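Subject: Structure handover

Hello,

Here is the structure you will be taking over. My notes on what was found in it follow below.

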Amino acid sequence: MSAGQVRRVALVTLGCSRNEVDSEELAARLADGGWQLVDDAADADAVLVNTCGFVDVAKKDSIDALLAADGLRAAPDSAGQGPKAVVAVGCLAERYGAELAESLPEADAVLGFDAYPDIAARLRAVLDGERPAAHTPRDRRTLLPITPVERGRAAAADVVVPGHGTVAAVAPAASAVPAVPAVPMMPAVIRRRLERGPVAALKISSGCDRRCSFCAIPSFRGSHVSRPPRDILAEAEWLAGQGARELVLVSENSTSYGKDLGDLRALEKLLPQLAATPGIVRVRTVYLQPAETRPSLLEVLLTTPGVAPYLDLSFQHASPAVLRRMRRFGGSVDFLDLLRRGRALAPTLGARSNVIVGFPGETAEDLDILADFLEQADLDAVGVFGYSDEEGTEAVGLSGKVAPRAIERRRARIADLVEQLTAARAERRVGETVEVLVEEISDDVLAGADAQAARSGGDGGPSGRTAHGCAAHQQPEVDGACVVRLPAVTGTTGRSGDPGAPVAVGDLVIARVIDVEGVDLVADFVAVLDRAGTPGAGEFAAAGVPAGSAKPVQQAGWEVQAVGAHR
């Protein structure tokens, strides 16, 4: 490739929303390093696959993605389209390193987390023909002090933590701006949005200090590290400036946030500040540990204006005996009490969880305890997983292994039960008024009287247009969705909307639930509660500034800068 020629890279992301945040940090670093990001891997010079290493299915998906990228590769002497380099990053690469590189020669490089700050140069070297040695995996928990309070920001400064991309802000030159009273400078955000929807994940911490016997994540994600509140608030303001309207706070364990900052109530203090971010209409916290969900935190989660009344609780099982073998706490009695206290604060709250069946030592009685708990818990969504050994975990060596066929039978039984229970829970929401964040508008084909009313444009009749999004009790892309039938003429003034103005993506609307389809809701539009009006990528582009560039956004006296401009 000739000197000065623009190099193109495609990012492929697998796994959870935490990985999506990591990819957006990588995108900013690549753009700042002179790379042009493209959507289609076939148009790229290099493909960066951000892998998932959680369970066997996710590992297979990651390997398949790497092989698919390799299949697009251009011939070595070809000047045509197609990538010339395929590079693996992410959890699978971090967890297996050289082992993955040896078993997957189709990848030109396997890079761990430590390569992220210099990813632009690393990828350039690979494209120029270098074949860097794959990193040697290590237990990342050993990189920081065991005691959380000894970690702090200083202790974490020399350890790469993906998704924590901020740098100290640089004040503008004195000659460039008029004299103003001194204000604290917020950090600059190292992130470039890859998806332009109104929902954005925001990482508040990484890693985990728990030692669940079935989970390998702490070994390759490391000990729990909280992001400083200033960094999180800076990124929240930047995301709002990029058009985000809902922030989904992600981590490996959100209820541990702040313990390494010396403040166990840090999340309780942070949530109201995030909810007050101009342009943000909803903040949602996920990945909560039941044993760490303190009464004061529960109250903040469920009663703070702008914070979704939503509990994503990691139960994993309900039998105390199984939970002890998992090295977890609680049981059905404790969990039902937690849900009862939550509903006393917010009767229509959304609640979801995940459960594992077939764990070593699980008996038929344990499974009955789980089924009975689910029938009483009245959850909106439940992920059901069959147990599988994860190498390097304590559970691999436990006795009482359940046969694979028996695990599948148990999984199917609980999954069938969950499908019935969650559908019934959705059915009971018929008649409720919900707040829906609009993520998409579509024109639907209506039949009969609805079609005639749409064609006639009758007062407030159905328009054939629908808004698609999530209500407060639904985590986007996880818990089902809500379809809102829009009228031909709104004729209604929302709190911040103009009478009769059409509903748009990013609006927060009020709707009344009239029907369900499984866990999905069908609702009729009532009013616009808050119209989208935050400057987004389109307005930045119109000003000649690429999205993710170093454009200051002035809000509430702070300066926020996004790193990731094209050179």
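Predicted model: local features only at pLDDT ≥ 70, side-chain atom pairs only at ≥ 80, totals over all residues.

The strands under discussion form an open sheet of five, in the order β2-β1-β3-β4-β5, and their pairing is parallel. At the edges of this sheet are β2 (35-37) and β5 (109-110), each of which pairs on one side only. Strand β1 covers residues 7-13 and runs parallel to β2, with three bridges joining the two.

Helix α1 (residues 17-32) contains Glu25. Is Glu25 buried or exposed? Glu25 counts as buried because its relative accessibility is 5%, and the cut-off for buried is under 20%. Leaving out residues up to four places away in sequence, Glu25 touches Pro162, Gly163, His164, Gly165, Ile190 and Arg191.

Strand β14 (residues 350-357) is mostly covered, with seven of its eight residues buried. On one side, β14 pairs in the parallel sense with strand β13 (residues 310-312) over three bridges. β14 also pairs with strand β15 (residues 381-386), again in the parallel sense, over six bridges. Arg352 takes part in both pairings: Arg352 is the bridge partner in β14 of Asp312, and the bridge partner of Arg352 in β15 is Ala381.

Pro309 sits in the loop between α10 (295-303) and β13. With a relative accessible area of 24%, Pro309 is partly exposed. Its contacts, apart from neighbours within four places in sequence, are Leu301, Leu302, Ala346, Leu349, Gly350 and Ala472. Pro309 and Leu298 are eleven residues apart in sequence, and their C-alpha atoms are 9.7 Å apart in space.

The loop between β12 (282-285) and α10 holds Ala291. Ala291 counts as exposed because its relative accessibility is 52%, and exposed means over 50%. Not counting residues up to four places away in sequence, Ala291 touches Arg210 and Phe329. From Ala291 to Thr255 the separation is 36 residues in sequence and 9.0 Å in space, C-alpha to C-alpha.

Two residues deserve a note on their backbone angles. Most residues other than glycine have a negative phi. Asp378 has a positive phi, near 60 degrees, and is a residue other than glycine. Asp378 lies in the loop between α13 (364-377) and β15, and is partly exposed at 22% relative accessibility. Glu477 is not a glycine either, and has a positive phi of about 65 degrees. Where does Glu477 lie? Glu477 is in the loop between β17 (462-471) and β18 (482-487). Glu477 is exposed, with a relative accessible area of 77%.

The largest cavity holds about 100 Å³ of space. Its lining is made up of 13 residues, and those nearest the centre of the cavity are Arg140, Val160, Val161, Arg221 and Gly222. By type, the lining of the largest cavity divides into eight nonpolar, three polar and two charged residues.

Finally, the totals for the protein. The secondary structure comes to 16 helices and 23 strands. Of the 567 residues, 53% are buried. Among contacts between residues at least 6 apart in sequence, 74% join residues that are at least 24 apart.

Regards

Methods. Residues numbered from 1 in each chain as written. Heavy atoms only, no water. Pairing = 2+ DSSP bridges. Helix = DSSP H or I, 4+ residues; strand = E, 2+ residues; numbered from the N terminus. 1 Å grid on protein atoms, 1.4 Å probe; cavity = no way out; pocket = protein on both sides within 12 Å on 5 of 7 lines; lining within 4 Å. Points joined across faces, edges and corners; volume = space filled by probe spheres on them. Nonpolar A, V, L, I, M, F, W, Y, C, P; charged D, E, K, R; others polar. Buried < 20%, exposed > 50% of the residue type's maximum accessible area, 1.4 Å probe, protein only. Contact = heavy atoms within 4.5 Å.
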